[in-house]
Amino acid sequence: MNTTRRGLMAGATLLAMPAIAQGQKRVTIMSHAVHQRVVTGAKGGDSTAAWREKNNASIEWLTFGVEAVHERVYREAALAQGSVDVAFLLERYGGPHIAPLFEDLGPLMAADPLEAPDEISPSMFAAHTYRGRSIGVPYRHATHGFFWNKALFEERGVSAVPTTFEQIAETAEKMTFTRGDGSRLAGYATSMDDPSGIMDIIRAHGGDFITRDYKYVADAPEAVRAVTLLRDWYRKGVLPRNMMTFKTEEVITTMQQGRAAMTNQPFGRYENYNDPKQSKFPGQFGVAPLPALSTLGGNGLVPAKTSVWAMAIPRNAPDKKLSWSLIKEISSPQNTIRAAVNGNGPVRMSAYDDPRVKELAPYSEAERRVLPTAMLVVPGFEQAARAMDIFMEEVQKAMLGQAEPAAAMKAARGRIEPLLPT
Amino acid sequence: MKRARRSELALLAPAHMLLLAFIVLPAIYVGWMSLTKTSFEGSAAFVGFANYATLFGDAVFWRAAWNTFWVVNAVVYGEMLLGLGLALLAAGWMPWRRVLIACLIAPYAINEVSAVAMWRYVLEPDVGMVSWLLVRIGIGQLDWTADPTDALTLAAILSIWTHTPFTFLILYAALRAVPQELTEAAVVDGARGWAVFRHVLLPSIMPALLVALLFRYIIAMRIFAEIWLLTEGGPARLTEVLAVYLYRTAFRYHEFGLASATGLTMMLLSLAIAAPYLVHVYRRMFRHA
Amino acid sequence: MRRPSLAGRVLRIALALMAVIWSLFPIAMVVLASVKPPREIFAVPPTLVFAPSLDSYVKLWREWPAFFADMRNSLIITVGATLVCVTVSTAAGYVYSRFAGKWLTASAFAMVVVRMLPPIVVTLPLFPVFSWLRVNDTHLLLVLLYATFFVSLATWIMRAFIDQVPRELDESATVDGATVLQVLRHVILPLTLNGIVAASLFVIVYAWNEFIFALVFTTRNARTTPLVISEILSTVEGVDWGVLFAAATIQLVPVLLFVLAAQRFVIAGLTAGAVKG
């Protein structure tokens, strides 16, 4: 078998003919496109330029959609021989079962510490730590704010920006209309590929999906009320007719094209929405913390959905020292500021004090305000991906009218409870 | 016929080695995997038929099986009728026959991903030009992003569109072996034509028709990219087919045991569909042997 | 041939036109959209007259350089798979055409049975094995996989074509002292070129367009064009339709030309009875 293996490998090498040339090292980062944008963006500058120079390396970014990037990274990290140096991971696609695929960063951190690691909240590190194995350095938090299109508001004669969720609901209905030329406008849009979009709406009603101590609570009256609202919105056309297929990518296009008036999305999307090159409404998007139902009390804000992207090193990465030095570089306080200017949600609080960030990322004050109370979509566990899919399946059933919201949420309990850790 | 010597038999080896290495052994291994619980760490624990119990207890699996069933039937028979009609048309009187045939088989060259992009482009709700036209003339658009039935219908149309050239080619080739006057009569001569078609043409192209039908059944069962790239099986996993179910189980939930059980089920289903044909081939081959 | 009545002819041509529209409309619209100015791609109502623009192609070149690198991968893999498949199938087809015997029949039957298994199923066990062999994301892997899945059909086609080559020819060559391989090369091969084109057509189209294996087994080094197209189809800043269509157009042109050029060999081959068995 060994000779066949060697033969095959030789043949493979011959055929593979990698494009490596000029003695330059090639480093591969696998991530979502947004990371490439905030790491290398022109506005704040390229965080990797100095590092590439110093190490005589070129960086290749392989970018995919949110779900696809995890699918790919895990598959890649499971191989005997890997080619990915750094991977970006989102906590809700993680879990103890994938932890062995990645390098334990503890020893690396001890030997060659990050710059000012205390600035990064321990809870963000915790989101990427499984059974004591820390696999990711937090890089980006995607914390949701509430966006609206001022131009469309004006067109419809809406002057007040909603400050309670009741007002959002009212405005959403008002903003749902058909223009003279037949083009239709939806009042609200959000993503449906996983619960991160609708979580805000459920929490605005005081509900939740899975609590930190792994209890399923989405069949409580608050969450059911939120799902009922979603169903009613969908029926009335407040939500776009094709929203069932929306991933975050489609929400962006819809908002940029002005086909919907409001959404809840990461604060950093402010850049995409107001970008004259991509958006039909540059400079017309406002953003604020998402307000909750006024009857809930408290500070009146929804505990915003957040998620934490972290940089990890696949177990099979070819040169882990090199990977680590790149991670350190990208995560440095200076580069955190650069990325924040490019639209990243900075994990270091000091970035919010930087004058450039204040000037170029005008939403950062609002973002900073909601950060202390922000919540993950679900706490990480092995079957989280499946539980989220089941949940979305039942929510969509309710929205399509195939089941009553209360019944659907109850059905979800029956299917999700067996998956929860005890 | 002669018996082959060893040196001649050796000529068969490469072909069979490929099949053995990449299809037969993996298929056997899938059988074993379906009896274990495996994940990334690579340790496989024997669990007996637990994966099958999970699989057959999962409503989503049955939904996927049902969707596969009806999409496959719609595709295979839709394509058969269309392919036969086109073959009759092309085999009869036709100026620029070559050009017509070239046009008809063009979709065969299109990859599934581009095909999805093409059909999405013309059928995108509200903005696609065919959607626009359909609304304009009052038919109403195909609501494939929201309505599971419409989504599956679009997937079926797509599949028919890409694969009709295959069926068409086989039937056209078969028709060419029949005297052209008969083909001609079947198309033009009304009642007599029908009789000619029914009693002369159909029987003579029947073997080809069955082969085309079978191959399309087998291949249609694998339908994946059409659904995956249109809806990923949504909304509410209502448009999933077996291959999508398998892919999701394996590469999203990382449950390779359960995915293998799905795979083996698909395999047995394919063989069951093919069984009558295989028996037929077997008989004929061994009769000649 | 008898010419049908006028009404018959008009009906025929009308039906043929409809069929052509059905086949070509989506392709034509996409090719057309690839040279539209990007803003007009989704104009409602659709614009039919416009100043052609190569913006989308330029953008594809600038933003997706990987597409052109992957084009090379697709080419290498397609050529490789076709060579492997046709070579082994010609050899096997020759044996099945010239010799008989119980075991031979059984093995031919096995080839048909194996063809029935869905490709996606073998991705599961092959994944860890390929990983262990360290051949993931190599051209070789896809070459062999693609060749394998068309070996059965290609063997069938080659056998049908070789059947038409008079047996006396290779027998007399054998008498003259030629080995089996020499017979194959110098007698059979030149007389079955049509068959080789027909068999190649299926492999070429499959290898050039295949999606699932490429999705599962490649990441970068051996990534093929359908995969890049699927990535363009789901980019974060919203689908860039112009770029997508430019990529789709470039990807389809070579294989479409080949299919159109090779179709008559395929029809000849199928008529010869390749698929009747």
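User: Happy to start with chain B: what makes up its secondary structure?

Analyst: Chain B has 13 helices and three strands, in what is a predicted model. Its C-alpha trace spans about 70 × 70 × 30 Å along the principal axes, and buried residues account for 52% of its 289 residues. Of the contacts in chain B with a separation of 6 or more, 67% are between residues 24 or more positions apart.

User: And what does chain A look like on those counts, starting with its helices and strands?

Analyst: Chain A comes to 18 helices and twelve strands. The C-alpha trace of chain A spans about 70 × 50 × 45 Å along its principal axes, and 52% of its 422 residues are buried. Among its contacts between residues at least 6 apart in sequence, 73% join residues at least 24 apart.

User: How do you know whether the radius of gyration of chain A agrees or disagrees with that of a compact globule?

Analyst: Set the two values side by side. A compact globule with 422 residues would have a radius of gyration near 22 Å, and chain A has 22 Å, so the value agrees with the rule.

User: Why is the sheet in chain A called open?

Analyst: Start with the strand order, which is β2-β1-β3-β12-β6 in chain A, with mixed pairing. Strands β2 (57–64) and β6 (137–141) of chain A stand at the edges with a single partner strand each, so one side of each has no neighbour in the sheet. On average, neighbouring strands of this sheet are turned by 25 degrees against each other, direction ignored.

User: What makes β1 and β3 of chain A a pair?

Analyst: Pairing needs at least two bridges, and strands β1 (residues 25–32) and β3 (residues 86–90) of chain A have two bridges, in the parallel sense; therefore they count as a pair. As for individual residues, A:Ile29 has A:Val86 in β3(A) as its bridge partner. Helix α13 (residues 320–331) of chain A packs on the sheet, where it touches β1, β3, β6 and β12 (308–312) of chain A, and its direction makes about 40 degrees with that of β6(A).

User: How do you know whether the length of helix α4 of chain A agrees with what it should span?

Analyst: At 1.5 Å a residue, the twelve residues of α4 (residues 66–77) of chain A should span 16 Å; the end C-alpha atoms are 17 Å apart, which agrees.

User: Why is α4(A) called mostly covered?

Analyst: Ten of its twelve residues are buried, among them A:Val69, A:His70, A:Arg72 and A:Tyr74. The buried residues of α4(A) pack against β1, β2, β3 and α11 (248–256) of chain A, together with α12 (242–251) of chain B.

User: What makes up the contact between chains A and B?

Analyst: Chain B gives 16 residues and chain A gives 19 residues. On the side of chain B that touches chain A, seven residues are nonpolar, five polar and four charged.

User: And which residues does chain C bring to its contact with chain B?

Analyst: There, 82 residues of chain C are in contact with 87 residues of chain B. The chain C side divides into 63 nonpolar, 13 polar and six charged residues.

How values were computed: Residues are numbered from 1 along each chain as its sequence is written. Chains are lettered from A and ligands numbered from 1 in the order in which they are written. This is a predicted model: local features need pLDDT of at least 70, side-chain atom pairs count only at pLDDT 80 or more; totals for chains, interfaces and linings use all residues. Helices (H or I, at least four residues) and strands (E, at least two) are DSSP runs, numbered from the N terminus. Axes are lines fitted to C-alpha atoms, for helices over the stretch in contact, and angles run from 0 to 180 degrees between N-to-C directions. Two residues are in contact if their C-beta atoms, placed from the backbone, lie within 7 Å. Ala, Val, Leu, Ile, Met, Phe, Trp, Tyr, Cys and Pro count as nonpolar, Asp, Glu, Lys and Arg as charged, and the others, Gly among them, as polar. The expected span of a helix is 1.5 Å times one less than its number of residues. A residue is buried if 20 or more other C-beta atoms lie within 10 Å of its own, exposed if 12 or fewer, and partly exposed in between; C-beta atoms are placed from the backbone. The radius of gyration is taken over C-alpha atoms; the globule rule is 2.2 Å times the number of residues to the power 0.38.
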